[in-house]
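User: Please take a close look at one part of this complex, the open sheet and what surrounds it. I would like a connected account that also places that part within its chain and within the complex.

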Amino acid sequence: MRESTIMKIHYGTALAAVALVAVHILMRLTMNFAESLEYENVLANYKFVPYAAMLELILILLSVHGFNGLRVILLELKQGRMYEKAVSYGCLAGMIGLIAYGSRTIIMTNMGMV
Amino acid sequence: MAQVSSIANEQTSTPLSSSTSITLRISRFNPEHDESSGFMEFSVPVQKWTTVLEAILEVKKHFDHSVAVRYSCRQATCGSCGMIINGKPRLACFTKISELNSNVVTVEPMNNFPVIRDLAVKFEKLFDSHQKIKPFLIRDDTELVSDEKEFLQSPEEVEQYIQFANCIKCGLCNSACPTMATDSSFVGPQALAQAYRYVADTRDKGKDSRLKIIDDSHGIWRCHFAGSCSQVCPKGVDPAMGIQLLRGYLLGFRS
């Protein structure tokens, strides 16, 4: 993938994440803040499908943005063909792993398996 | 005429009879013999108009001829005498000692360049990066071989790139760049600014090939817009702005 395409995704995910995380934080204001973080209320959020879908989206956006940011930082720290390949594939694997693990948590909670 | 002749014969413009003197600290390092760099101090007489280069040449002439320094035109045109002067990348011939407001002037080789000896650094990577971005007009048509054809531009079209054409390839921008300090493969602000200079030129048709070259994992996207390249340019070029404008082409904001 061209670097400009990757960076367009990087900037796009940042903007989308800011918007969705703002919605996520504003949802804490629908009730008392401490109350909104109580176990039952958090579970209720996960079971509400549109909210769970938004959490999944935030997870994907932040994982893509975060791991690409990490890739960029690591590429600037050290150079070398093998190192750069390892960093790129390592970050891709980390991103996929985090999305898979987070999605599993969201889906299991949504389906009442937790 | 006699006065002109005496000035021409004088190697430096600083007379030894000057009443003011400063301490010139010169970084000394020979990679073939030394493990690390050190400083040698010289007391140099100066006048209000004495430049750092003239002070260094004074040292070479009267104290230590082995000090290695690269210079040529002495008028900020050739871009040879770039160095770190009191912590900031500057041209030695374009920096008057009086403007530094210090009695101690420290000169070091430019950062982010391999040192040949003392103040002289290798420019190979700078020139390689410059060459890589194809610093010439690219056209496929046959108009170039015709004597009758001129590529006319409006003043507005010239305005788009003319400041970037002032680059003298002194390397000060690359020396000041924080990304170049860690990323040895980074193409650098000098080459990126020159890429913009040709991309923005309406006579040029090589935009796509140039953008492809800089759209690399160590290309234009590694610039963090610190802006230090623009701060140190002795010719008033703004590489940071050129890089941002160049990004506009890659992001689809400019065509």
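**Contact between the chains**

Analyst: Ten residues of chain A are in contact with 13 residues of chain B. On the chain A side, α1 (3-26) and α4 (49-77) each supply at least two of the residues that touch chain B. The most comes from α1(A), with four residues. By residue class, the side of chain A that touches chain B consists of five charged, three nonpolar and two polar residues.

This is a predicted model, and the predictor assigns the complex an ipTM of 0.84 and a pTM of 0.86. For chain B the average pLDDT is 90, and 90% of its residues score at least 70. Residues 1-18 of chain B, however, have pLDDT below 50; beyond near neighbours in sequence, this stretch has 20 contacts in the model.

The sheet you ask about belongs to chain B. Its five strands follow the order β2-β1-β5-β3-β4 (chain B), with mixed pairing, and the sheet is open. At the edges are β2 (38-46) and β4 of chain B, each of which pairs on one side only. Averaged over the sheet, neighbouring strands are turned by 35° against each other, direction ignored.

Within that order, strand β3 (residues 82-85) of chain B runs antiparallel to strand β5 (residues 104-108) of chain B, and two bridges join them. One residue pair can be named here: B:I85 has B:V107 of β5(B) as its bridge partner.

Chain B is divided into domain 1 (2-121) and domain 2 (124-251). Their contact takes 14 residues from domain 1 of chain B and 13 residues from domain 2 of chain B. On the domain 1 side, the largest share, four residues, comes from strand β4 (residues 88-91) of chain B. The residues on that side of domain 1 of chain B divide into seven nonpolar, five polar and two charged.

Taken together, β4 of chain B is an edge strand of the sheet and also gives the largest share of the domain 1 side that touches domain 2 of chain B.

Methods
Residues numbered from 1 in each chain as written. Chains lettered and ligands numbered in written order. Predicted model: local features only at pLDDT ≥ 70, side-chain atom pairs only at ≥ 80, totals over all residues. pLDDT = per-residue confidence, 0-100. Contact = placed C-beta atoms within 7 Å. Nonpolar A, V, L, I, M, F, W, Y, C, P; charged D, E, K, R; others polar. Domains from an automatic or database assignment. Pairing = 2+ DSSP bridges. Axes fitted to C-alpha atoms, helices over the stretch in contact; angles between N-to-C directions.
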